[in-house]
Amino acid sequence: GGVGVHGGKNNVIENNIMLPTLVDGGHTRVAQLYSDSVSGRVECWQMLGFNAGNRFRNNIIYSVAEAATSYLYVIYNYSDRLLAESDYNLFYNSTGRYEVLDRSGHVGDGDTAVSLGEWQKLGYDAHSVVADPMFVDPEGEDFRLDPESPALRLGFAPIPVDRIGVRSE
């Protein structure tokens, strides 16, 4: 998906537009934020507790593909230190699915999906919203935001796409 934090500490993942990669005839990758603290792996015992303090904020996570196995986040070996903050994000999934997959048994009961509401009760994404980000022309791959986009009200800073990539100068 969009971002993988594999044993990292104090990463700031901020102000990104994440569009799932289409694979297998229209299905998406599992999640746009994937984190594995490696703490549960015997070969990584020296990293125990290292994956901490990560911040995921002011991002747009957008999916319009059929995604029966698509989650907002997939977390292995979760601890409450893993994400110091996850907030002010905008989520849009045309399937209406907004869940966090816990593969460690710490957020829920075993390998289970937790609803966005349950995730928010844990203290995450309290100010995040589920809404269409109002891209100018997503079908034409123009991901600039309409001035009325709810992402802007969350603090998302427009990406200067005209200054990205190869230029003649």
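Me: What makes Glu14, Arg57 and Glu85 a network of salt bridges?

Reply: Glu14, Arg57 and Glu85 are linked in a network of salt bridges. A salt bridge is a side-chain nitrogen of Lys or Arg within 4 Å of a carboxyl oxygen of Asp or Glu. The side chains of arginine 57 and glutamate 14 meet at 2.6 Å, N to O. For glutamate 85 and arginine 57, the closest N and O atoms are 2.8 Å apart. Both pairs therefore count as salt bridges, and arginine 57 takes part in each. In general, side chains of opposite charge can pair when their charged atoms come close.

The model is predicted: local features need pLDDT of at least 70, side-chain atom pairs count only at pLDDT 80 or more, and totals for chains, interfaces and linings use all residues. Residues are numbered from 1 along each chain as its sequence is written, and side-chain values use heavy atoms, with hydrogens and water left out.

Me: How many salt bridges does a search of the whole structure find?

Reply: The search finds three salt bridges. One of them joins aspartate 142 and arginine 144, with the closest N and O atoms 2.6 Å apart.

Me: Why is the pair of arginine 57 and glutamate 14 said to tie parts together?

Reply: Strands (E, at least two residues) and helices (H or I, at least four) are DSSP runs, numbered from the N terminus. Arginine 57 lies in strand E7 (residues 54-57) and glutamate 14 in strand E2 (residues 12-14), so the pair ties together parts that are 43 residues apart in sequence. Glutamate 85 lies in strand E10 (residues 83-87), so its pair with arginine 57 ties together parts 28 residues apart in sequence.

Me: What makes E2, E7 and E10 a sheet?

Reply: Two strands pair if DSSP finds at least two bridges between them. E7 and E10 pair in the parallel sense over four bridges, so they meet that condition. In one of these places, the bridge partner of phenylalanine 56 is serine 86 in E10. The open sheet has three strands in the order E2-E7-E10, with parallel pairing. E2 and E10 stand at the edges, each with a single partner strand, so one side of each is left without a neighbour in the sheet.

Me: Which class do glutamate 14 and glutamate 85 fall into?

Reply: Glutamate 14 has a relative accessible area of 38% and is partly exposed. Glutamate 85, with 24%, is partly exposed as well.

Me: How do you know whether proline 147 is buried or exposed?

Reply: Proline 147 has 69% relative accessibility, so it counts as exposed. Proline 147 lies in the loop between strand E16 (142-145) and H2. From proline 147 to phenylalanine 135 is twelve residues in sequence and 9.6 Å in space, C-alpha to C-alpha.

Me: How much of the protein is buried?

Reply: Buried residues make up 39% of the 169 residues in the protein. The protein has two helices and 16 strands.

Me: What share of the contacts joins residues 24 or more positions apart?

Reply: A contact means heavy atoms within 4.5 Å. Of the contacts with a separation of 6 or more, 74% are between residues 24 or more positions apart.

Conventions
Buried < 20%, exposed > 50% of the residue type's maximum accessible area, 1.4 Å probe, protein only.
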